[in-house]
Amino acid sequence: MADVTIEKLASDVNTTVDRIIQQFADAGIKKQAGQMVNEEEKKTLLDHLSRAHGGQSAEPSKLTLVRKEKTTLSVAGGAGRNREIQVEVRKQKTFVKRPSGEEAAKLAEEERIAAEQAAEAAKREQERLAAEQKAKEEANRKAKEEAERKAAEQKKRDEAKHAQLMKDRSEEAARRAAKEEAKREAERIKAQQEAELLRKIEAEAKQQAEAARRLAEENAERWAKEETKPADEADYHLTSNVYAKQAEDEVDAREERGGRRTAKKAPAGKAKKKDDVDDKDAFNRANRHKKKKTPASMQHGFNKPAQPVEREVKIGETITVAELASKMAVKASEVIKVMMKMGAMATINQVIDQETAAIVCEEMGHKFTLTKENELEEAVMSDREGQGELEPRAPVVTVMGHVDHGKTSTLDYIRKAKVAAGEAGGITQHIGAYHVETERGMVTFLDTPGHAAFTSMRARGAKATDIVVLVVAADDGVMPQTKEAIQHAKAAGVPLVVAVNKMDKPDADPDRVRNELSQYGVISEEWGGDTQFVPISAKTGMGIDDLLEAILNQAELLELKAVKKGLARGVVIESRLDKGRGPVASILVQEGTLQQGEIVLCGFEYGRVRAMRDENGKEIKTAGPSIPVEILGLSGVPQAGDEVTVVKDERKAREVALYRQGKFRDVKLARQQKSKLENMFANMSEGDVAELNIVLKADVQGSVEAISESLSRLSTDEVKIKIIGSGVGGITETDATLAAASSAIIIGFNVRAEGTARKIIEEENLDLRYYSIIYELLDEVRAAMTGMLAPEFKQQIIGLAQVRDVFRSPKFGAIAGCMVTEGIIKRNAPIRVLRDNVVIFEGELESLRRFKDDVSEVRNGFECGIGVKNYNDVREGDQIEVFEVVQVERTL
């Protein structure tokens, strides 16, 4: 091999020039860049590198020579034959190259160093392993001690908690016992006091009566001796009976006072005897304890009314029983009695709704006036600026129709953006709001769902719109949601524009659509009606321009106007809880201009508009009439359909929102109580009703509302669906705890459970279901309800035998000789004995034989002997019917 340069050698061995120069220097050869390298230098470098990597030098240290010799031997075999055997002899000799003295010493030194290094490494490894083992043992010991310490502490806490619980229970029992004892002692003392007071009253009465009797006797005796009488006969009777009557009046007065104080004792002493007592003195003495009559000038002029007083009662949205009784000037017990007669059980502090209070008021003979307690709201609304000038505004168009008829696809073609692909299952499950610019102006579109479950969302869409575009598939015709959309549009008084979609299909029939829609009062202009029919194809774009032209023509006829300046007002189209941004509300501005930073009052919620985005997610600062926007900054998630109002004072907005929340809570509580009270006796008579408890969470408020309504319609008389909790956002720990406490299933619609909630769900083994398509949700809930239905049992006839003869046996009684005419006779199945097709006995078989053998069953066409248990009146010609009870799966 020829000499090469340093650079060429580095390139051949795939390394750098500096590295190979360093390797030459390590091998004892000094080289620089650009110098030549001969074969000897290459060999020296190779030997060095081999030794550095634990190998041998390039020169062989051992040489082995092998030599083979083959010889042939002739060996005598059987039958005089010779065999030849080849023998191979191998000779091997090894020549070992002995290193020189210097090299041997160097090698020995290297081997010694290597052995020392290996021993040192082994020692370090052994020490490392020992240290690791020790650390591991120490960690295990500490962990064990920590576990024992925690267990001991937990045990102490449990013991202390148990001791405290037992102490509390004993103290509570002692308090209850002391309270009961004190109550009994007070009752006993009270009874003694009442008995003692009664005895005193009776004794005083007797004493006064005795004194009066003695006085009368003395007067009579004195008058008999003197042979004189009182001046007047009436005075004589009064004098003789005055004390007796006075005693009776005193007793009555004390009984009226209930024994609160003891009346003064009437004088019981004997009258002084005087011979010269005249009639006037006797009369005064008899009447000295009578009450003086009150002068007429000091008497009040109140007279008890002859008939009840009729009052005007003002009733708010909610009122307590005590407040209602106070307004009618009657006792609360009277109101409670009237409500009990009406079938409603109530307490004095219970809140009742406006309707119930009005019925009670009318029942008790009073007039009522229903009032709304919204002075605070009126004060806030009065702060808004006055009406400005009306200016033309863009039309708000709602696209409605049956599911999968192409509403979203039509809107997508108009917007030049694909949104339908993002909807689960290909159906729109939220209200989308978009505005597009045309040559003749702006148009705002609302896209509504078509599934039957989204009725309320379509109703809101129809109320917030100016024009309804009814999309009907030309190959499918009028469907249930198409009829419903027509009803919503007519109820809202909104004009219709019919878009006959899917005209690109070969089986498209627009005349069929016109004919079917005419049955519901939607007649096209070609047939003499006032509804525009536009054939379109959302797939190819055919007729889209004509549809926009028809919408704008209809908008010109409506002459839509709104106030553009001033405080804004609108309606919530959709709302949801965003994990990163908080409550998010999609609103449609109907009048005024909404600006970032303004304070809005939105149903039960309020807040300052922190950010506004259009339907494409772009930040905007202002939004005028007919513009849909998404706002952030509300205190909570508003209800879809709530009115949005811009106010000036944030404090007043908060007060109105809190007031609305409180009133809604009171009204809801009153309605719930009314429902419970009215249905209490009905529920008691119906018996147990299976309930399927559900905790529902969804991504937006509209979905919660739609799913709740659909689930409530699935309830039957035997199985009822009870939504115990619902809301917007992910499934939280509170939702899981509520489901665990009420044995409910958790349904998440386009949401997922948080980590803490998943832990509770796993621990409590709760049923958690995730859905993104409403069809699947309703189907599975319906299946779960079907499983909760009480099983239905049905009797199924499996065999019939004809009695041909009857044999009497002293051991077995009457044995019927039968022929199986239908089905199969089973020994363990229940039977009926029929005579002239009338059931005369129902029981079971005692024996079933074929010839002399006991059998378990006999099939059609065979004879058998049948013994009926506890019945011996089987006759020839009777039929024995064998049946079994089967469970039938019930469906809703």
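Predicted model: local features only at pLDDT ≥ 70, side-chain atom pairs only at ≥ 80, totals over all residues.
Local features require pLDDT of at least 70, and side-chain atom pairs count only at pLDDT 80 or more, while totals for chains, interfaces and linings use all residues. Residues are numbered from 1 along each chain as its sequence is written, and side-chain values use heavy atoms, with hydrogens and water left out.

Helices (H or I, at least four residues) and strands (E, at least two) are DSSP runs numbered from the N terminus. Two strands are taken as paired if DSSP finds at least two bridges between them. By these criteria, 4 strands form an open sheet with parallel pairing, in the order S26-S25-S27-S28. Its edge strands are S26 (719-728) and S28 (768-771), each of which pairs on one side only. Neighbouring strands are turned by 25° against each other on average, direction ignored. Axes here are lines fitted to C-alpha atoms, for helices over the stretch in contact, and angles run from 0 to 180 degrees between N-to-C directions. Strand S25 (residues 690-698) runs parallel to S26, and 9 bridges join them. Within this pairing, Leu692 has Ile721 of S26 as its bridge partner. Helix H18 (residues 701-713) packs on the sheet and touches S25, S26 and S27 (745-749). Its direction makes about 175° with that of S26. Helix H19 (residues 733-742) also packs on the sheet, touching S25, S26 and S27. The direction of H19 makes about 175° with that of S25. Contact means heavy atoms within 4.5 Å.

Antiparallel pairing involves strand S30 (residues 813-826). S30 pairs with S35 over 5 bridges in the antiparallel sense. Cys818 has Cys864 of S35 as its bridge partner. S30 also pairs in the antiparallel sense with S34 (residues 857-859), over 3 bridges.

Aromatic rings were examined next. Rings of Phe, Tyr and Trp (its six-membered ring) pair if their centres lie within 6.5 Å; planes under 30 degrees apart count as stacked, over 60 as edge-to-face and the rest as tilted. This rule gives 1 aromatic pair. Phe841 and Tyr871 are stacked, at 4.6 Å centre to centre and 15° between the planes. Phe841 lies in strand S32 (residues 838-850), and Tyr871 in the loop between S35 (863-868) and S36 (879-888), so the pair ties together parts that are 30 residues apart in sequence. Residues are called buried under 20% relative accessible area, exposed over 50% and partly exposed in between (1.4 Å probe, protein chains only). Phe841 is buried at 17% relative accessibility, and Tyr871 is buried at 13%.

Charges also sit over rings, a term that requires NZ of Lys or CZ of Arg within 6 Å of the ring centre and within 35 degrees of the ring normal. Arg752 lies over the face of Tyr770, 4.2 Å from the ring centre. The charged end of Arg832 sits over the ring of Phe883, at 4.0 Å from its centre.

Pro392 belongs to strand S9 (residues 390-392). Pro392 is exposed, with a relative accessible area of 57%. Its C-alpha atom is separated by 5.8 Å from that of Leu560, 168 residues apart along the chain. Leaving aside neighbours within four places in sequence, Pro392 contacts Leu560, Lys561 and Lys564.

Helix H13 (residues 480-492) has 13 residues. From first C-alpha to last it reaches 19 Å, close to the expected 18 Å. That expectation is 1.5 Å times one less than the number of residues. Its buried residues include Gln481, Glu484 and His488. Just after H13, Gly493 takes a positive phi of about 70°.
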